[in-house]
Structure formats: C-alpha cells, structure tokens
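Please read it alongside the sequence and the coordinates.

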Amino acid sequence: MKIYSFKCPACGYESRHTVGTPDMDQILTDVNNEFAQYRLFVCRKELKLVHADVLDAHFDNKCPSDKNELEPIDDLEHVKCPRCDKELKVEDIKPLAATDGSAE
Ligand SMILES: [Zn+2]
Ligand SMILES: [Zn+2]
C-alpha cells in the first residue's frame, strides 16, 4: 500500500490518496479481515480525486459522498488534474513518513 501525493502546478490542486493493498505486517491485528484494495478515481462532479476500496461489497463505482459515477485511474504516474486537466505532479510517500497532515 502506498500513499501518493498529487499536486497541480497550474491551479494549486493538492490531494493525497492511499492506493494498493495493505501490507500484511501492518495489519497483524486485522488478519481476519477481508483484503482491501484501494484504487484511485476521479469524481467529475466534485472535480477531485477520490480513493475507494474496490473489494468493499458496498462499493459500486459511485462516489461515496455524492453517488456520481467515478472514473478509474490506471496510470498513477500520469494523472490529469480534475480541475484544469493539466498533468499532476505525483510523489509517493512512505506510509511511515505520512502524518495526519496536521503540520500543513
Ligand atoms: Zn489543476
Ligand atoms: Zn464526488
């Protein structure tokens, strides 16, 4: 599982998302849980990136907050800005280095 930071050099859009499957050594207490697999999507209604657990039985390709149909993103290295369509700068952050963002 990786955390990606997306930044738009053109309009300043900024977002962080978790993508992939949880590492086994990080979920020792949850070994009985079903696997999760997070993927990245675009919500065209809110003009933002969202991530969702595609193995969640409740997930139906709809945005959790507004039920708009989500567009999946397959190429994480080349993500277009949901607001202005410029290519976003992508960085992957090691989960250990990722705080809750309170420093921002
Ligand atoms: Zn932008
Ligand atoms: Zn939405």
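This is a predicted model: local features need pLDDT of at least 70, side-chain atom pairs count only at pLDDT 80 or more; totals for chains, interfaces and linings use all residues.

The points that follow cover the strands, the sheet and the core.

1. Secondary structure. The protein chain contains zero helices and six strands. In sequence order the pattern is β-β-β-β-β-β.

2. The sheet. Three of the strands make up an open sheet, ordered β4-β3-β5, with antiparallel pairing. The edges are β4 (48-53) and β5 (70-72), each of which pairs on one side only. From one strand to the next, the twist averages 45°.

3. The β3-β4 pair. Six bridges link β3 (residues 38-43) to β4 in the antiparallel sense. Within this pairing, Val42 lies opposite Leu49 of β4.

4. Burial and contacts. Of the 104 residues in the protein chain, 15% count as buried. Considering contacts between residues at least 6 apart in sequence, 45% are between residues at least 24 apart.

5. The core. The largest nonpolar core has 13 residues, and those touching the most other members are Phe6, Phe41, Val42, Cys43, Leu49, Leu70 and Leu88. Two or more residues each come from β1 (2-7), β3 and β4. The most are given by β3, which supplies four residues.

6. Val42. Which residues is Val42 in contact with, leaving aside neighbours within four places in sequence? They are Leu49, Leu70, Glu71, Ile73 and Pro82. Two of these partners, Leu49 and Leu70, are also listed with Val42 among the core residues that touch the most other members.

How values were computed:
Residues are numbered from 1 along each chain as its sequence is written. Chains are lettered from A and ligands numbered from 1 in the order in which they are written. Two strands pair if DSSP finds at least two bridges between them. Axes are lines fitted to C-alpha atoms, for helices over the stretch in contact, and angles run from 0 to 180 degrees between N-to-C directions. A residue is buried if 20 or more other C-beta atoms lie within 10 Å of its own, exposed if 12 or fewer, and partly exposed in between; C-beta atoms are placed from the backbone. Two residues are in contact if their C-beta atoms, placed from the backbone, lie within 7 Å. A nonpolar core is a set of buried Ala, Val, Leu, Ile, Met, Phe, Trp, Tyr and Cys residues joined through C-beta atoms within 7 Å.
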